[in-house]
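Work through the exercises below with the sequence and the model side by side. Try each task before reading its solution.

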Amino acid sequence: MDILYVVLLFFSGSLMFSQWIGLLLHKDLTTLNDCNPGATNLWQSAGTVWGLLGIFLDFMKGYLPLAILIWSGKLAGNILVPAAIAPVLGHAFSPFLKFRGGKCKAVSFGVWSALSDFELSIMLAASLALLQVIIAVFHIGKDRKIRTDAWTSVLGILMLGAYILIRRFPPTYLMIWGLNLFVFLFVNRTELYHTFRSEQENAGPPADTGP
């Protein structure tokens, strides 16, 4: 029965609400802006109202099914690890989009909300907000928004891991966090790679100091 719950949670995460809303509005998110079929691209392509709806639905598909299963006592112990990461993997590798997907932020917020009665999702939101303030104050990457978004996602989840350690959450939470970090690194791999390439190109070859 536990495996069935994991499959159902994966299926819940794989429901690409933002992409489908975009199609109803005659906007294929996979061809617009950063080609991400998630809520952020819906916001940029269709406006605030539709973007907020996409964020809400992506959040709820991570939160509601997992929260119901936890509250009902059907998920406990080590099975919580694959169950909690399943919606995130569903969003990242949706069978509805030929196993492509989005960046997984909203659905991750939903998962962490269900796991901790919102404590860890609030911490993640605070981390991302702090990073955005730092970026704004120091004008970091203002010409490369997509790349800075990728870095804030990864750094935010790293800060969440530090909080989980400090608060001494169960080891299962650390395992879920590690898998969430891996997914974030994977879905943002292109932006992270191009950042390193840009830094190397800007640095140029080492100066010849002579004999």
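Predicted model: local features only at pLDDT ≥ 70, side-chain atom pairs only at ≥ 80, totals over all residues.

Residues are numbered from 1 along each chain as its sequence is written, and side-chain values use heavy atoms, with hydrogens and water left out.

**Exercise 1. The fold**

Task: State how many helices and strands the chain has, and what share of its residues is buried.

Solution: Start with the secondary structure, where helices (H or I, at least four residues) and strands (E, at least two) are DSSP runs, numbered from the N terminus. The chain has ten helices and zero strands. Along the sequence the pattern therefore reads α-α-α-α-α-α-α-α-α-α.

Next take burial: buried means under 20% relative accessible area, exposed over 50%, and partly exposed in between (1.4 Å probe, protein chains only). Of the 211 residues, 43% count as buried.

Last, look at contacts, meaning heavy atoms within 4.5 Å. Among contacts with a separation of 6 or more, 66% join residues 24 or more positions apart.

**Exercise 2. The nonpolar core**

Task: Find which residues have the most contacts inside the largest nonpolar core, and which element gives the most to this core.

Solution: A nonpolar core is a set of buried Ala, Val, Leu, Ile, Met, Phe, Trp, Tyr and Cys residues joined through side-chain atoms within 4.5 Å. The largest one has 42 residues, and Leu-75, Trp-112 and Leu-115 have the most contacts inside it. Two or more residues come from each of α1 (2-13), α4, α5 (80-92), α6, α7, α8 and α9. The most come from α5, with eight residues. In soluble globular proteins, nonpolar side chains tend to be buried together.

Not counting residues up to four places away in sequence, Trp-112 touches a list of residues including Phe-118, Leu-124, Ile-157, Tyr-173 and Trp-177.

**Exercise 3. Positive phi and cysteines**

Task: Say where His-26 and Cys-35 lie, and how many disulfides are counted.

Solution: Most residues other than glycine have a negative phi. His-26 is not a glycine, yet has a positive phi of about 65°. His-26 lies in the loop between α2 (17-24) and α3, and is exposed because its relative accessible area is 77%.

Cys-35 also has a positive phi of about 65°. Cys-35 is found in the loop between α2 and α3. At 34% relative accessibility, Cys-35 counts as partly exposed, whereas Cys-104, at 2%, counts as buried.

For disulfides, look for a pair of cysteine sulfur atoms within 2.5 Å. The count is zero.

**Exercise 4. The two largest pockets**

Task: Give the volume of the largest pocket and of the second largest pocket, and the element that gives the most to each lining.

Solution: On a 1 Å grid over the protein atoms alone, a pocket is an open set of points where a 1.4 Å probe fits, with protein on both sides within 12 Å along at least five of seven lines; lining residues have an atom within 4 Å of a point. A volume is the space filled by probe spheres set on the points, which are joined across faces, edges and corners.

The largest pocket has a volume of about 710 Å³. It is lined by 28 residues, and the closest to its centre are Thr-40, Ile-55, Lys-105, Ala-106 and Asp-149. In this lining α8 gives the most, with six residues.

The second largest pocket has a volume of about 330 Å³. Of its 16 lining residues, Arg-100, Gly-101, Lys-103, Val-187 and Arg-189 are the closest to its centre. Here α10 gives the most, with three residues.
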